[in-house]
Amino acid sequence: MQTALDDSRFNIIAQSYEYAIATYPDARKDGDWLISSMEIKEDDTILEISAGTGFLTEKIIKNIKSGFLYAQDIAPRTLELNQKKCGVHSNLKYITDIDAVKDNSCDKSVTLGGWHHMEDQISITRSAMSKLKKGGTFCVGDFSDNSSIQRYFDEVVDDITSTGHQALFPSKSRMINLGRFAEASNTEVEEFDVPFDFKNEDEVGEFFQKVFALDQPHEETYKDIEKYFDLQHSEGMISVMVPYIYARYTK
Ligand SMILES: C[S@@+](CC[C@H](N)C(=O)[O-])C[C@H]1O[C@@H](n2cnc3c(N)ncnc32)[C@H](O)[C@@H]1O
């Protein structure tokens, strides 16, 4: 089932988004919890939902040898960039509809940063779980509700990006309820700040301006980031602390 609401934002901003990720490859640490919780085995069959331009796809494909990876996204432009980055692999297939994957066929499923765009989170969770074999796990990572990043999107980003950005980020109780609706046998949820690391203010400004495709000079972006987020300075680095929530559902 495809929970498409509007795929236009990421088709439009894909290039700018990927510029930020490619220019600052070590800034993001938001995939670490997922990669560690998935405990990937080299023969795993994995479904990645909202794979986008391939930040996580690249890490997963390196870990599977005889396994198979389906990388799904509703925005085809992102998958083109994903393939350019990850290269062609006989065990990596790009899809726009997760119903291209057979029920009960995957060992794992995962999604990062796309959850708040899902219109019907109950049915997409059920759908992701339906693709898993019994005992398989579905790991979700997204920005956290009632947080600095929710306010930053609502009060700043929405007004200065051509596509707008209105979305509700998941809370702990939402994640637990989704597990119940999808009949998960076990649900674990963790919420914590993830550092995004940069050498200086200029890098912070450029990364966030490009990743969200903001219509403002990156010096202005830095000022907004400084206003909304907890910034930590150590050993000549600036870490922007971004609130995340992660869930691991077992079928
Ligand atoms: C912030 S990006 C995250 C991309 C990638 N996972 C990453 O971490 O860089 C969000 C992605 O969710 C995708 N998306 C939005 N709505 C979706 C839906 N209903 N089903 C699948 N993907 C969706 C967008 O096209 C976009 O590529």
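Biologist: Which residue in β2 does T45 stand opposite?
Modeller: T45 stands opposite F68. Keep in mind that this is a predicted model.

Biologist: How many bridges join β1 to β2, and do they run parallel or antiparallel?
Modeller: 4 bridges, and the two strands run parallel. β1 covers residues 45–49, and β2 covers 68–72.

Biologist: What sort of unit do they make with α3?
Modeller: A right-handed β-α-β unit. Helix α3 is residues 55–63.

Biologist: And on the β3 side, what pairs with what?
Modeller: β2 pairs with β3, residues 92–95, in the parallel sense over 4 bridges. L69 stands opposite L92 there. The chain gets from β2 to β3 through helix α4, residues 76–86, and that β-α-β crossover is right-handed.

Biologist: Why is β2 described as largely enclosed?
Modeller: Because 4 of its 5 residues are buried, the rest of the structure largely encloses β2.

Biologist: Now β5. How many of its residues are buried?
Modeller: 9 of the 12, so β5 is largely enclosed by the rest of the structure.

Biologist: Which strands does it pair with?
Modeller: β4, residues 106–112, is joined to β5 by 6 parallel bridges. C106 has L132 as its bridge partner in β5. β5 also pairs with β8, antiparallel, over 7 bridges. There, D142 is partnered with I245 of β8.

Biologist: Which helix goes with β4 and β5?
Modeller: α5, residues 121–130. The three make a right-handed β-α-β unit.

Biologist: Switching to helices. Which residues of α6 are buried?
Modeller: I149, Y152 and F153, in a helix spanning 148–155. They sit on the same side of α6, because they cover an arc of only 95° around the axis.

Biologist: What do those buried residues pack against?
Modeller: β5, α9 (218–228) and β8 (237–250).

Biologist: What about S173, buried or exposed?
Modeller: Exposed. S173 has 10 other C-beta atoms within 10 Å, and the cut-off for exposed is 12 or fewer. S173 lies in helix α7, residues 172–181.

Biologist: How far is S173 from F207?
Modeller: 31 Å in space, C-alpha to C-alpha. In sequence, S173 and F207 are 34 residues apart.

Biologist: Last topic, the ligand. Which residues come nearest?
Modeller: F10, S50, G52, G114 and H117, out of 21 residues around the ligand.

Biologist: How does that shell split by class?
Modeller: 11 nonpolar, 8 polar and 2 charged residues.

Notes
Residues numbered from 1 in each chain as written. Predicted model: local features only at pLDDT ≥ 70, side-chain atom pairs only at ≥ 80, totals over all residues. Near = placed C-beta within 6 Å. Nonpolar A, V, L, I, M, F, W, Y, C, P; charged D, E, K, R; others polar. Buried ≥ 20, exposed ≤ 12 C-beta atoms within 10 Å, placed from the backbone. Arc of directions from axis to C-beta. Contact = placed C-beta atoms within 7 Å. Pairing = 2+ DSSP bridges. Right-handed = clockwise from strand over helix to strand, strands pointing away.
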